[in-house]
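Hi,

Here is the structure I promised to pass on to you. Have a look at it first, and then read on for what turned up in it.

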Amino acid sequence: MSEDNKVASADLFPATKWIKCFCVVEFDLEIGQKIEAVVPAFSFSEEEKATISFLAFPDSNTGIEDDIVFVFRFKHHLLPDESDPKGGEGHDEHYFGYVFFRQFKDPSVHRGYLQKSIVIISEFSFVGLFKKLVSLIGPLYWEQYNIKRKDLAKNPHSSSSSSSSSSSSPSPHAVSPFASTSSAIISWELLESCWMNV
């Protein structure tokens, strides 16, 4: 397929017009929830990032190893150049977050559990559609994530130079070398493969 055809195909793919971005949110022992990756890059304010991080986790956590799919809504402020080419102060719109949350026991994590949420951000309230879509994307993300974890465990020097592979004791930030993998895993190709099964 030519490059022109690839672009045309992407333009015709409906979900690229309905989805603003994906977020991967992780629980960090020291600072709580934090956004690990946003794909593609999107201009959230720090307040909006904090809101997404907070809402991307279930209200209650029983410690059960399970998957949870749910929806939240938040305000996003559109800048003047996004909403009005003639200027102005911009305005607020409601966006929706469609979440696939998973937690499981992990001895390499100081807290004992690894917890992450995969979030689809959209301005549309297509609840049934996007809940089904994120329920397909979530397991595929974890499948690829675990493969990369195993690869990194076999080749610790392939991680960033800032991570330490000399210590044999678990660290509260043991999963941090994998943070950069989220951007590589989440892609429009992954979305399109799931879209065909919705």
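A quick word on terms before the findings: a salt bridge here is a side-chain nitrogen of Lys or Arg within 4 Å of a carboxyl oxygen of Asp or Glu. By that rule, the count comes to 5 salt bridges. Please keep in mind that this is a predicted model.

Let me begin with Glu 36 and Lys 116. Their closest N and O atoms are 2.5 Å apart, and the two residues form a salt bridge. Are the two partners buried or exposed? Buried means under 20% relative accessible area. Glu 36 has a relative accessible area of 16%, so Glu 36 is buried. Lys 116 has a value of 0%, so Lys 116 is buried too. The pair also belongs to a network of salt bridges that links Glu 26, Glu 36 and Lys 116.

Next, Arg 102 and Asp 67, whose side chains meet in a salt bridge at 2.7 Å, N to O. Because Arg 102 lies in strand 4 (residues 91-105) and Asp 67 in strand 3 (residues 67-78), this pair ties together parts that are 35 residues apart in sequence. Arg 102 is buried at 19% relative accessible area, while Asp 67, at 33%, counts as partly exposed.

A local example is the salt bridge between Lys 49 and Glu 46, with the closest N and O atoms 3.5 Å apart. These two residues sit 3 residues apart in helix 3 (residues 46-55), so about one helical turn separates them. Lys 49 is partly exposed, with a relative accessible area of 30%, and Glu 46 is exposed, at 60%.

Now to the strands. Why can strand 1 (residues 21-28) be called largely enclosed by the rest of the structure? Because 7 of its 8 residues are buried. Strand 1 pairs with strand 5 in the antiparallel sense over 6 bridges, and Cys 23 stands opposite Val 119 in strand 5. Strand 1 also pairs with strand 2, again in the antiparallel sense, over 7 bridges. There, Val 24 has Ala 37 in strand 2 as its bridge partner.

Phe 104 has its place in strand 4. In sequence, Phe 104 and Lys 116 are 12 residues apart, and their C-alpha atoms are 9.6 Å apart in space. Leaving aside neighbours within four places in sequence, Phe 104 is in contact with Glu 65, Gly 112, Tyr 113, Leu 114, Trp 142 and Asn 146.

Finally, the nonpolar cores. The largest one has 22 residues, and those with the most contacts inside it are Ile 120, Leu 133, Ile 137 and Trp 142. Strand 1, strand 4, strand 5, helix 5 (127-154) and helix 7 (188-195) each supply at least two residues of this core. Helix 5 gives the largest share, 7 residues. Apart from this core lies another, of 16 residues, among them Cys 23, Phe 70, Phe 74 and Leu 78.

Notes:
Residues are numbered from 1 along each chain as its sequence is written. This is a predicted model: local features need pLDDT of at least 70, side-chain atom pairs count only at pLDDT 80 or more; totals for chains, interfaces and linings use all residues. Side-chain values use heavy atoms; hydrogens and water are left out. Buried means under 20% relative accessible area, exposed over 50%, partly exposed in between (1.4 Å probe, protein chains only). Helices (H or I, at least four residues) and strands (E, at least two) are DSSP runs, numbered from the N terminus. Two strands pair if DSSP finds at least two bridges between them. Contact means heavy atoms within 4.5 Å. A nonpolar core is a set of buried Ala, Val, Leu, Ile, Met, Phe, Trp, Tyr and Cys residues joined through side-chain atoms within 4.5 Å.
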